Amino acid sequence: MSKSFLKPSVSTSFAWVLLLGMVYACGGGEGGGHPPMTMDHPPMGEMGAARQPAVQAAPPQGGDASLAAQGEQLFAAKGCIGCHTIGGGRLTGPDLQGVTERRSYDWIVAMITNPDSMLRVDPVAKQLLSEYMTPMLNTNTTREEARAIYEYLKSNQ
Ligand code: HEC
């Protein structure tokens, strides 16, 4: 069946998988390169349940308290908190108070999930960069995580 298809590369890929597994197991905890399995908050049962189906291309709804709580955790876990306050003034990055009023949902999600290309092509992001002089880091945040963060930001405007 799929034998001939698997044959040529399977042993080398396995070696890589093992190697990578070892690297991660030995503390590849820095730099945001986590594989999806290592979300470090096992007690959040509802989060796991909520993560799967809902999010994909869902429009912003607002007022989702459990998503917002998840977003608050991510805001710390992803390191946003090191560069942004919400209402506490400017740090390396802008104060995010009011950001859901001055930017669209899509723009914010794009900025969170892909700051690199936003800073290259989006006029507003480029303008911010010229003001703040430091490029926002890519935090390896997925769209669904970004949606939770959006809910958190929105609940704090
Ligand atoms: C290394 C510092 C740094 C980190 C970490 C960081 N940002 Fe930023 N962020 C910035 C800077 C600086 C800007 C302004 C644009 C620029 O200069 O790149 C910015 C811009 C933004 C904006 C647009 C703000 C506006 O006024 O329109 C949003 C939203 C945002 N960041 C959210 C986040 C979130 C959410 C995270 C965590 C997932 C995060 N940032 C992580 C530095 C950071």
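**Close-up views of the predicted model**

View 1. Helices here are DSSP runs of H or I with at least four residues, numbered from the N terminus. After α7 comes M133, with a positive phi near 65°. The model is predicted, so local features need pLDDT of at least 70 and side-chain atom pairs count only at pLDDT 80 or more, while totals for chains, interfaces and linings use all residues. Residues are numbered from 1 along each chain as its sequence is written.

**View 2. The buried face of α5.** In α5, the residues I108, V109, I112 and T113 are buried. Seen down the axis of α5, its buried residues fall within an arc of 120° (taken over the directions from the helix axis to the C-beta atoms), so they line one face of the helix. Among what covers these buried residues are α4 (99-102) and α8.

**View 3. The largest nonpolar core.** I149 and Y150 touch the most other members of this 14-residue core, a set of buried Ala, Val, Leu, Ile, Met, Phe, Trp, Tyr and Cys residues joined through C-beta atoms within 7 Å. At least two residues each come from α3 (65-77), α5 (105-113) and α8 (143-154), and α8 gives the most, with six.

Notes:
A residue is buried if 20 or more other C-beta atoms lie within 10 Å of its own, exposed if 12 or fewer, and partly exposed in between; C-beta atoms are placed from the backbone. Two residues are in contact if their C-beta atoms, placed from the backbone, lie within 7 Å.
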